Amino acid sequence: MTRGDHRSAGKYEGRLAVVTGAGSGIGRALTVALVRAGAHVAAWDVNSQGLAETQAACGAEHVTTYQVDVADRDAVLACAQEVRTQHGPASLLFNNAGVDLGASVADMSWKDFDWLMGINVGGVVNGTVAFLPQLIESGSAHNPARLVNLSSAFGLMAVPFQGAYCTSKFAVRGFTEALRQEMIIERQPVTVHCVHPGVVKTNFGANMRAASAPDKEMAEKLFERSALTTAEKAAHLILRGAGKNRARILIGADGRVAAAMPRLLGAGYIELLARLTRMADTRAGREARRQERVND
């Protein structure tokens, strides 16, 4: 156990945590970190194989798995009750499950848009509403329950060709910040936190959808090149931020830049980012044409 794990243990030891999207990426890293800190984790994911791998990494005595589609409201409500019946009320909730869609607004399909919104927004709302009564019941002034929702750096600033994803992550931010205020006003023993990761080294890019196969391939490569933070580091920062009751938890240098740009430039960041993207596209086109001549 690292020094960071020792600091977290006092805050999370003996508690029941629910983690959605626990079958891979940040969700798996959160599950591992919580178990090391002494929590029992109810791990949720739609992918049963990923859940099995996460459980194997932690030990079945520390992790109970549930195959759940967070976009299915009835399934989420039923599974929340099942968690309570098996383990008692949850005191930690991490709404982490999320997906991406790389496409312009003009090119994206309604099917892909609804799929993304159902998971990224619907999943967060479903999980929050299902578990909030349990969190209120289990929390106390001395040891409050924690509700952590994963937004994104793209929930702080919008970027081109990520219109659907930005829409969902701005929505998560608004929902989470409103809920945090409500818990404060009502003096409920629940702290609420919004996490804004930059690009994290996970399989997130490989699982994204796109308007076309070439677009998906290009987006995957860009994701891989841009990933600056490991999932394990992200999990550590999330637990530390929640333990310190930070309303907004920024992950990675790119997460901090995304928070700073709108604050420093106001709406001016929109034009700046559009110009930079157009310049990058022009360079990429030139390089592609140069490569074609070399191959010929």
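At what angle do α2 and α8 pack, and how far apart are their axes? Let's come to that pair after a quick look at the whole fold.

## Overall picture

This is a predicted model, so let's read it as one. The protein has 296 residues, and 47% of them count as buried. Its secondary structure comes to 10 helices and 11 strands.

Taking contacts between residues at least 6 apart in sequence, 69% of them join residues at least 24 apart.

## The α2/α8 pair

Back to the opening question: α2 and α8 pack at about 60°, and their axes are 8 Å apart. The two helices are therefore oblique to each other, and their crossing is right-handed.

On the α2 side, the residues involved are Gly 25, Ile 26, Ala 29, Leu 30, Ala 33 and Leu 34, and they meet Ala 231, Glu 232, Ala 234, Ala 235, Ile 238 and Leu 239 of α8. Sorted by class, that gives 10 nonpolar residues, 1 polar and 1 charged.

## The largest core and its neighbour

Some of those names come back in the largest nonpolar core. It holds 33 residues, and the ones touching the most other members are Leu 30, Leu 34, Val 41, Phe 94 and Ile 238. Which elements give two or more residues to this core? The list runs β1 (16-20), α2 (25-36), β2 (40-45), α3 (48-58), β4 (92-95), β6 (145-150), α8 (231-243) and β11 (248-251).

Setting aside neighbours within four places in sequence, Phe 94 is in contact with Ala 17, Val 18, Val 19, Thr 20, Leu 30, Leu 34, Val 148, Ile 238 and Leu 239.

## The α4/α5 pair

Now for another helix pair. Helix α4 (residues 73-87) and helix α5 (residues 110-138) have axes that come within 8 Å and cross at roughly 25°. With an angle under 35 degrees counting as roughly parallel, that makes α4 roughly parallel to α5. The crossing of α4 and α5 is right-handed.

From α4, the contact uses Arg 73, Val 76, Leu 77, Ala 80, Val 83 and Arg 84, while α5 supplies Asn 126, Gly 127, Ala 130, Phe 131, Gln 134 and Glu 137. The class breakdown for α4 with α5 is 6 nonpolar, 3 polar and 3 charged residues.

Is Leu 135 buried or exposed? Leu 135 sits in helix α5, and at 0% relative accessibility it counts as buried. Leaving out residues up to four places away in sequence, Leu 135 touches Ala 90, Ser 91, Leu 92, Leu 93, Ala 145, Arg 146, Leu 147, Pro 189 and Val 190.

With 6% relative accessibility, Ser 91 counts as buried. Beyond neighbours within four places in sequence, Ser 91 is in contact with Arg 15, Leu 16, Leu 135, Ser 138, Ala 145 and Arg 146.

Methods:
Residues numbered from 1 in each chain as written. Predicted model: local features only at pLDDT ≥ 70, side-chain atom pairs only at ≥ 80, totals over all residues. Heavy atoms only, no water. Axes fitted to C-alpha atoms, helices over the stretch in contact; angles between N-to-C directions. Helix = DSSP H or I, 4+ residues; strand = E, 2+ residues; numbered from the N terminus. Parallel < 35°, antiparallel > 145°, perpendicular 65-115°, else oblique. Left-handed = near helix turned anticlockwise from the far one by under 90°. Contact = heavy atoms within 4.5 Å. Nonpolar A, V, L, I, M, F, W, Y, C, P; charged D, E, K, R; others polar. Core = buried A, V, L, I, M, F, W, Y, C linked by side-chain atoms within 4.5 Å. Buried < 20%, exposed > 50% of the residue type's maximum accessible area, 1.4 Å probe, protein only.
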